[in-house]
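Please find below a short note on the model under review. The points follow the display of sequence and structure.

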Amino acid sequence: MLLPMSPTDSVFLSVESPQTPMHVGGLQLFEPAADVPSAAEVFSQLSSGDDVAPLFRKRPRRSISTAGQWAWEEDQQFDLRHHVRHNSLPSPGRVLELLALCSRLHSTLLDRQRPLWELHFIEGLADGRFAIYFKVHHALLDGVSAQRLLQRILTKDPAARDLPPPWASRPAPRHQPAPPTPEEVVANLLRTARGVASDVAGIPSALVRTVNRGLQAQSAPISFAAPRSIFNVPISGSRRFAAQSWPLERINRIRRGARCTVNDVVLAACSGALRTYLSSLDALPEAPLIAMVPVALRVRDRNRESGNAIGAVMCDLGTHLADPADRLDTVRRSMKEGKQALSELSPLQIVAMTGLGMSPLVLQSIPGYAELLRPPFNLIISNVPGPRTPLYLNGARLDGIYPLSIPYHGQALNITCTSYADELSFGLTGCRRTVPHLQRMLGYLEDELTALEQAG
């Protein structure tokens, strides 16, 4: 039986190519204790059993019956061993070899004849740790959902054993809420219809305000100020992945001294690292780089007292400025202006404005487009909150979480951060040909954090 696919998920499949795989990934490192099961036993547990939830059994398909549109169907020949795989690192088993393996795994397309996910269990690190690399197509799960999914096999209890794998079926909640009465359904529909009609009517004026802000080089969901850079060109399918963690206390000390947010410090650190990296390649634009930054907002909602919405702010990174304190101040001011502009919109209007700001990316795959027009922004930098307390897998302590994301034509570098316990992890995913020596960015990030500490 075919199940409908959302238009957004269908787009991720339609724009995918060997040069632009549309999957996200995550790398988890584990520190085993002396009395926990061996790595081989952990892999055996993950790769056995036949309890697999429907989400992980469905594969994409389009046919005459769907008028050529993508839909989901259950894989009748589902093979768990195809999706859960064992890997061993070559000698000497350094983190360098681990990141190189993840770079290769992240470069290959998922098989569309099967459900669009893989889990790779990796051992062979010289220090005794093991790792899990999980990749899933964005049409099936987004990065945040994938991260939460992996946390299903983890627990706060170091003594817990034999937790079910993340793809196992979950029992339904014991207490189901009572269904709404017909009168409540009608009332809710009327309230929603009135709110949507009002929001749609307000989109033209919201667009005018947003475009005006973009033309004036102010932060908004739409940018007209991004310069050309080496990141904004067509890319190949090969990937390079670099990752490292820093203590959150270092970030927080800078935050407290500058009276800004953690995200502001992250963006400022990226700004300084990008400035040094591009300067080393003699490729630093005179105008500041513009980052697209996803943000979660509490906004006014006509149907409720308040509502949540995910939007995007085009942030001026201040990469043209030599002083780290000036760059942080530019980032802080830009993010504040952008959030203020979004807070004046309804959730529906935020989605519309963000979609318009992202729409030029679709054109980046057209040959010659990137050479003719300026990019809508130079790169995506996102910060995803993670678990706040230490977690365990069969007694092995989770030592770090590192996100891998999606470069695309015209966006050769993606920087994603996630917090875990008392650390903040940076995951840098780039086109291997377009973004050379990506691992050097890790050293530049350390240098910039030190400079920000000294500036405070």
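1. Helices (H or I, at least four residues) and strands (E, at least two) are taken here as DSSP runs, numbered from the N terminus. The model is predicted: local features need pLDDT of at least 70, side-chain atom pairs count only at pLDDT 80 or more, and totals for chains, interfaces and linings use all residues. Residues are numbered from 1 along each chain as its sequence is written, and side-chain values use heavy atoms, with hydrogens and water left out.

2. Overall features. The protein has 14 helices and 15 strands. Of its 456 residues, 52% count as buried (under 20% relative accessible area; exposed is over 50%, partly exposed in between; 1.4 Å probe, protein chains only). A contact requires heavy atoms within 4.5 Å; among contacts between residues at least 6 apart in sequence, 76% join residues at least 24 apart.

3. Helix α5. In this helix (residues 143-150), Ala-146, Gln-147, Leu-149 and Leu-150 are buried. They lie on the same side of α5 because they cover an arc of only 160° around the axis, the arc being that of the directions from the helix axis to the C-beta atoms. Their cover includes β2 (23-31), β6 (117-123) and β7 (130-137), as well as β11 (379-384), β13 (396-404) and β14 (413-420).

4. Trp-72. This residue belongs to strand β4 (residues 71-74) and is buried, at 4% relative accessibility. Leaving aside residues up to four places away in sequence, Trp-72 touches several residues, including Met-1, Pro-60, Leu-116 and Leu-140. The C-alpha atoms of Trp-72 and Leu-140 are 9.8 Å apart, although 68 residues separate the two along the chain.

5. Salt bridges. With a salt bridge defined as a side-chain nitrogen of Lys or Arg within 4 Å of a carboxyl oxygen of Asp or Glu, the count is 17. Arg-59, Arg-61, Glu-73 and Asp-75 are linked in a network of such bridges.

6. A pair between helices. Arg-250 and Glu-453 form a salt bridge, their closest N and O atoms being 2.9 Å apart. The pair links distant parts of the chain, with Arg-250 in helix α8 (residues 248-258) and Glu-453 in helix α14 (residues 440-455), 203 residues apart. Arg-250 is buried at 14% relative accessibility, whereas Glu-453 is partly exposed at 29%.

7. A pair within one helix. Asp-329 forms a salt bridge with Arg-333, with 3.0 Å between the closest N and O atoms. The two residues are 4 apart in helix α10 (residues 324-343), and are therefore separated by about one helical turn. Asp-329 is partly exposed at 31% relative accessibility, as is Arg-333 at 41%.
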